[in-house]
Amino acid sequence: MTQISNHLPTSELQALDAAHHMHPFTANAELAAKGARVITRASGVTLTDSDGHEILDGMAGLWCVNIGYGREELADVAARQMRELPYYNTFFQTTHVPAIALAAKIAELAPGDLNHVFFAGSGSEANDTNLRMVRHYWSMKGKPEKSVIISRWNAYHGSSVGSGSLGGMKGIHAQGGMPIPDIHHIDQPDWWAEGGDMTPEKFGLQRAQELEKAILALGEDRVAAFIAEPVQGAGGVIVAPDTYWPEIQRICDKYDILLIADEVICGFGRTGNWFGSQTMNIRPDIMTIAKGLSSGYAPIGGSVVSDEVAGVIAEGEFAHGYTYSGHPVAAAVALENLRIMEEENVVGHVRDTAAPYLAEKWSELTDHPMVGEARLVGLMGSIALTPHKQSRAKFASEAGTVGLMCRERCFANNLVMRHVGDRMVIAPPLVIRPEEIDTLIARARIALDETYAQLKDQDMLKAMS
Ligand code: PXG
């Protein structure tokens with residue numbers, strides 16, 4: 001069988017790509033000049049490009065291929081489901097077995113009384129659902145003025161108008177008239193970048209208390225919900241100090257504010273538990289899920305909703321839904337993904353084997369002259385690059401310049417590691433084995449050394465004054 005992805009030489013694929021394909025979050029003219037890297041195959045934790053390079057995927061695609069690439073079982077289930085029932089909707093009082101079975105499975109895995117699932121096609125769509133659902137919930141309870149959702153700067157919740165507004169990325173807000181009304185942002189708990197002279201504990205508490213201040217300033221009767229990622233992912237794997245989450249939970253309880261945990265990255269084993277909320281010991285009213293739910297093999301997301309919120313929503317008709325809510329093929333693939341994760345104890349592998357092993361090696365990277373803090377929760381980690389560790393100084397160059405250089409050196413050494421500003425980020429497939437972790441670390445070290453040498457050569461090892 002001819003493989004469409006392999007049918008042309010790389011240069012021709014790149015030319016067609018540049019001519020017709022608009023890439024997300026990409027300076028397209030710049031990419032067109034350079035030519036996109038064409039990924040053709042993948043297996044386990046390894047990608048292969050159209051020139052035959054074998055690349056260790058330290059990002060599990062986009063934080064999603066939790067189970068690793070090349071699982072035949074998922075392909076078989078998708079084909080079987082397409083033959084049996086490729087599509088039917090869940091509107092107008094109909095349902096189908098994959099959606100029923102997946103909703104029940106998610107309810108079983110989810111903590112507490114999060115027993116109800118509203119399906120979407122992605123994390124962005126699911127957060128749009130959440131935005132409307134929490135406002136509608138309070139409206140149904142006779143409090144329509146409770147419509148403000150509090151989020152955090154540098155949070156990522158998606159890039160649709162609603163989810164992009166919930167997120168705290170100023171670059172997204174600047175394009176397309178966002179945020180929409182009644183979204184309020186507070187500061188993030190990033191001690192490394194913003195903690196100044198405070199201890200992490202004091203800083204964590206202070207940042208959590210910004211939520212209380214915002215509620216009091218806006219008025220308790222105006223605030224519907226607080227949304228946050230248990231560990232910020234796209235923002236740079238920012239792990240809040242230990243004092244942060246208990247205080248957030250206390251404040252949400254005290255003022256009757258719904259807590260939405262965006263588990264799109266943290267969910268399905270990434271932090272060493274099924275959900276990041278369990279790792280951070282919080283009790284959300286709603287969880288956003290996507291990505292690892294199907295290990296990225298099919299696009300699917302959803303909102304996992306508490307008995308209380310679902311009960312109130314069920315009292316009327318929620319005028320909301322997507323053509324592909326609970327798509328049968330995506331649902332069947334997700335279900336098979338969860339079955340394999342349970343059968344192979346993937347979450348246990350993260351918690352007991354992969355994360356402890358990686359944690360040791362990851363923290364050793366701080367012996368590198370340019371690596372400040374190294375953070376890791378489960379299998380999501382980041383290192384902060386700095387010209388001066390003791391003062392946690394930023395580079396004199398524009399933020400992200402050094403991170404980008406380092407990412408290029410990673411690529412050149414067959415490792416995918418992302419950069420967020422001058423932080424380097426990893427989130428490998430959860431099935432990664434210790435010897436593959438050794439390879440990841442070895443390549444990361446070479447990339448760091450090469451970046452360091454380049455900075456020295458170009459006289460760029462300077463701190464911002
Ligand atoms: N919430 C969180 C916490 C996410 O990380 C979304 C929602 C949106 O999901 P969809 O499926 O609509 O993309 C995300 C997605 C990056 C990157 O570069 C991260 C995401 C998406 C694209 C790029 O880190 N996260």
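User: How do S11 and S12 pair, parallel or antiparallel?
Analyst: S11 and S12 run antiparallel, joined over five bridges. Here two strands pair if DSSP finds at least two bridges between them. Helices (H or I, at least four residues) and strands (E, at least two) are DSSP runs, numbered from the N terminus.

User: Where does this model come from, and how are residues numbered?
Analyst: The model is predicted, with local features needing pLDDT of at least 70 and side-chain atom pairs counting only at pLDDT 80 or more, while totals for chains, interfaces and linings use all residues. Residues are numbered from 1 along each chain as its sequence is written, and side-chain values use heavy atoms, with hydrogens and water left out.

User: OK, back to that hairpin. Which residue takes a positive phi?
Analyst: Glycine 378, with a phi near 60 degrees; the hairpin of S11 and S12 has two residues between the strands. Leucine 376 stands opposite glycine 381 in S12.

User: What about the sheet with S1 in it, what's the strand order?
Analyst: The order is S1-S2-S3-S13, an open sheet of four strands with mixed pairing. S1 (39–43) and S13 are at the edges with a single partner strand each, so one side of each has no neighbour in the sheet.

User: Switching topic: which domains does the protein have?
Analyst: The domain assignment gives domain 1 (37–67 + 345–457) and domain 2 (73–343). Such bounds come from an automatic or database domain assignment. The C-alpha centres of the two domains lie 26 Å apart.

User: How much area do domain 1 and domain 2 bury between them?
Analyst: About 2800 Å², 62% of it on carbon and sulfur atoms. Buried area is the accessible area (1.4 Å probe) that two parts lose on being put together, summed over both. Ile67, Met380 and Arg392 supply 27% of the area that domain 1 buries against domain 2, more than any other three residues.

User: How many salt bridges cross that interface?
Analyst: Zero, by the rule used. A salt bridge here is a side-chain nitrogen of Lys or Arg within 4 Å of a carboxyl oxygen of Asp or Glu.

User: How many salt bridges are there in the whole structure, then?
Analyst: A search of the whole structure finds 26. Among them, arginine 222 and aspartate 182 meet through their side chains at 3.1 Å, N to O. Arginine 222 is in the loop between helix H10 (200–218) and strand S7 (223–228), and aspartate 182 in the loop between helix H8 (170–173) and strand S6 (183–186), so the pair ties together parts 40 residues apart in sequence.
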